[in-house]
Structure formats: C-alpha cells, structure tokens
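Open the model in your viewer and keep the selection panel at hand.

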Amino acid sequence: TLSRDVARIGQNLDFARLFSFFYSCIGFYWSQTVTVYAAYTLVTALLVLSLLNLEVAIQGANALGAQYAIQLGLVLTLPYIVELIMERGLYRGLKVFLVTILVGSPVFFMFHMRTKCYYFARTL
C-alpha cells in the first residue's frame, strides 16, 4: 500500500529531504485540511456559545476566556487526535489521547508556555 511505501522511504531519508518529501506529498495537504476543519469547528462552537449565551458560564465575566478555552480544545488537539488515529488506529489512537489528557499533559504544557512567555515579556 501507499502508506507502507511512504514509511519505507521516510526511514531512509535524511532530515532535510524528509521535510521536502513531506511538503511535496499528501501529508502537507492532509494537515492543512484538518487545520481548516478545526477552524470551522471553532467558529461554529463560538457561534453556538454566543447564541445560547454560555460564554459567561465557561470563564466568568470574561467573554474572551471562552474563546481561548475552545481554541485550546479544538484547534490545537484536533490535528493531534487525527494524527494518532491515522498512526495507531481509531481505538488505540483515542486511548493514547485520553491517557495524555488524564495524566495532565495539557495543564503542564500551558504552565510551561505561560512561564516562558512571562519571562520573555519581562526581558523585553
């Protein structure tokens, strides 16, 4: 099959040629498609939140807090979920994703990035 051939080719390429192969193959287009669908899902979810007036219930009085919460949940994790499903299958991919969520990896990542941003802004 095509995926087996691509995997064999990818194992023998160096890093620069592997990037070139990715951007000239179907992987780049698939990644862009998933990102666009994630953006459409985000816009739809924000519209539903706005119509049902649920923005206040998610993050208190801050209306932008709901938008950021949905962005973290959809735009950032949807491509990761699709990648896991394509690499490991539906059941094992969702299992790995749920384990990642349950051990608190997103919370650590947000703390890590906030700390970096704080010190970067303070240095500037």
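Axes here are lines fitted to C-alpha atoms, for helices over the stretch in contact, and angles run from 0 to 180 degrees between N-to-C directions. The model is predicted: local features need pLDDT of at least 70, side-chain atom pairs count only at pLDDT 80 or more, and totals for chains, interfaces and linings use all residues. Residues are numbered from 1 along each chain as its sequence is written.

Select α6 and α7. Their axes come within 7 Å and cross at roughly 135°. That makes α6 oblique to α7 (under 35 degrees is roughly parallel, over 145 roughly antiparallel, 65 to 115 roughly perpendicular, the rest oblique). The crossing is right-handed, meaning the near helix is turned clockwise from the far one by less than a right angle.

Next, the largest pocket. Its volume is about 940 Å³. Of its 23 lining residues, select the closest to the centre: Val-6, Phe-22, Gly-27, Met-86 and Glu-87. (A pocket is an open set of points on a 1 Å grid where a 1.4 Å probe fits, with protein on both sides within 12 Å along at least five of seven lines; lining residues have an atom within 4 Å of a point. The volume is the space filled by probe spheres set on the points.) α1 (2-12), α2 (15-24), α3 (26-52) and α6 (78-88) each supply at least two lining residues.

Conventions
Side-chain values use heavy atoms; hydrogens and water are left out. Helices (H or I, at least four residues) and strands (E, at least two) are DSSP runs, numbered from the N terminus.
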